[in-house]
Amino acid sequence: MEKKTVLITGASSGIGEGCARKFAMNGYRLILNGRNVEKLTAVKRELETEYRADVCLLPFDVRDRGAAKAALDSLPEEWKAIDILINNAGLVIGVDKEHEGNPDEWDIVLDTNIKALLAMTRLVVPGMVERGRGHVINMGSIAGYYAYPALSDGLRIDLVDTPVRVTNIKPGLVETNFSVVRFRGDKAAADNVYKGIRPLTGDDIAEVVYFAAAVPEHIQVAEVLVMPTNQATGTIVSRK
């Protein structure tokens with residue numbers, strides 16, 4: 001059976017790294033994106049050693065549309081047919097009130113979480129439509145209850161007459177580097193987010209991502225909300 005190819009953005013740590021590991025152990029070929037070349041290289045080395053995976057690195061900042069296009073164009077011909085796009089790269093900076101926020105940080109967040117997702121989708125999905133197969137998995141958040149569903153639902157509507165599937169996954173508390181970035185590098189503040197509760201891990205979310213990707217192709221898992229056992233909503237958590 002021909003190996004399927006999966007492209008994962010933000011694959012150097014956290015959920016992206018977990019997804020890379022899960023798909024590697026199940027025989028997929030991996031195109032891994034991220035900004036940190038050293039971390040990406042370490043992930044590549046692990047996957048090649050542990051699972052004998054075929055791994056191609058595409059280090060670029062997803063906010064740079066020109067770099068994204070150039071990187072995808074540079075792929076060897078045998079790597080260009082991407083079967084699964086996991087739009088995972090994302091971040092939040094700060095916990096400021098709206099009227100006290102930093103506009104420059106807003107630009108970084110919107111450019112990464114929204115515009116980059118749209119750009120990667122625009123670059124990859126036309127090939128899926130042309131080949132008559134494909135799956136887009138958008139990594140959202142329990143906190144982003146409006147923007148990510150709107151993007152995913154809109155794409156699913158646009159692709160309804162094709163075999164290309166679209167999934168939106170909305171994790172609750174997942175312990176990754178995400179909170180460290182949100183608190184501008186304050187590790188102690190980030191650790192408090194997960195205090196008193198067993199949070200999910202990147203590998204936990206990878207299980208959900210892989211399930212959505214691996215179901216028979218006539219099944220489309222449209223949306224998954226996944227939380228730790230002791231989390232009820234985005235704001236209601238039992239800490240012990």
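Me: Why is Lys 170 called buried?

Reply: In this predicted model, Lys 170 has a relative accessibility of 1%, and because buried means under 20% relative accessible area, the residue counts as buried.

Me: What makes the contact between Lys 170 and Glu 223 a salt bridge?

Reply: The N to O distance between the two side chains is 3.1 Å, and a salt bridge requires a side-chain nitrogen of Lys or Arg within 4 Å of a carboxyl oxygen of Asp or Glu, so the pair qualifies. Lys 170 sits in strand E6 (residues 165-171) and Glu 223 in strand E7, 53 residues apart, so that the pair links distant parts of the chain. Glu 223, with a relative accessible area of 42%, falls between the limits of 20% and 50% and is therefore partly exposed.

Me: How do you know that Asp 83 and Arg 133 form a salt bridge, and which parts of the chain do they link?

Reply: Their side chains meet at 2.7 Å, N to O, which lies within the 4 Å that the rule asks for. Asp 83 belongs to the loop between helix H3 (65-73) and E4, whereas Arg 133 belongs to the loop between helix H4 (103-131) and E5, and 50 residues separate them. Asp 83 is buried, since its relative accessible area is 7%, while Arg 133, at 28%, counts as partly exposed.

Me: What joins Glu 17, Arg 21, Glu 46 and Asp 203 into one network?

Reply: The four are joined by salt bridges that share partners. By the 4 Å rule, the count for the model comes to 16 salt bridges.

Me: Is Lys 22 buried or exposed, and what does this residue touch?

Reply: Lys 22, which lies in helix H1, has a relative accessibility of 14%, and because this is under 20% the residue counts as buried. Leaving aside residues up to four places away in sequence, Lys 22 touches Ala 206, Glu 207 and Tyr 210.

Me: Why are E3 and E7 said to stand at the edges of the sheet?

Reply: Seven strands form an open sheet with parallel pairing, in the order E3-E2-E1-E4-E5-E6-E7. Strand E3 (55-59) and E7 each have a single partner strand, so one side of each is left without a neighbour in the sheet. Neighbouring strands are turned by 15° against each other on average, direction ignored.

Me: How do you know that E1 and E4 are paired?

Reply: Two strands pair if at least two bridges are found between them, and E1 and E4 have three bridges, in the parallel sense.

Me: What makes a set of residues here a nonpolar core, and which residues have the most contacts inside the largest one?

Reply: The set must consist of buried nonpolar residues joined through side-chain atoms within 4.5 Å; the largest such core has 34 residues, and Phe 23 and Leu 32 have the most contacts inside it. H8 gives the most to this core, with seven residues. Among the residues that Leu 32 touches are Ile 8, Ala 20, Val 43 and Leu 57. A second, separate core of 23 residues includes Ala 71, Leu 75, Met 120 and Val 164.

Terms used: Residues numbered from 1 in each chain as written. Predicted model: local features only at pLDDT ≥ 70, side-chain atom pairs only at ≥ 80, totals over all residues. Heavy atoms only, no water. Buried < 20%, exposed > 50% of the residue type's maximum accessible area, 1.4 Å probe, protein only. Helix = DSSP H or I, 4+ residues; strand = E, 2+ residues; numbered from the N terminus. Contact = heavy atoms within 4.5 Å. Axes fitted to C-alpha atoms, helices over the stretch in contact; angles between N-to-C directions.
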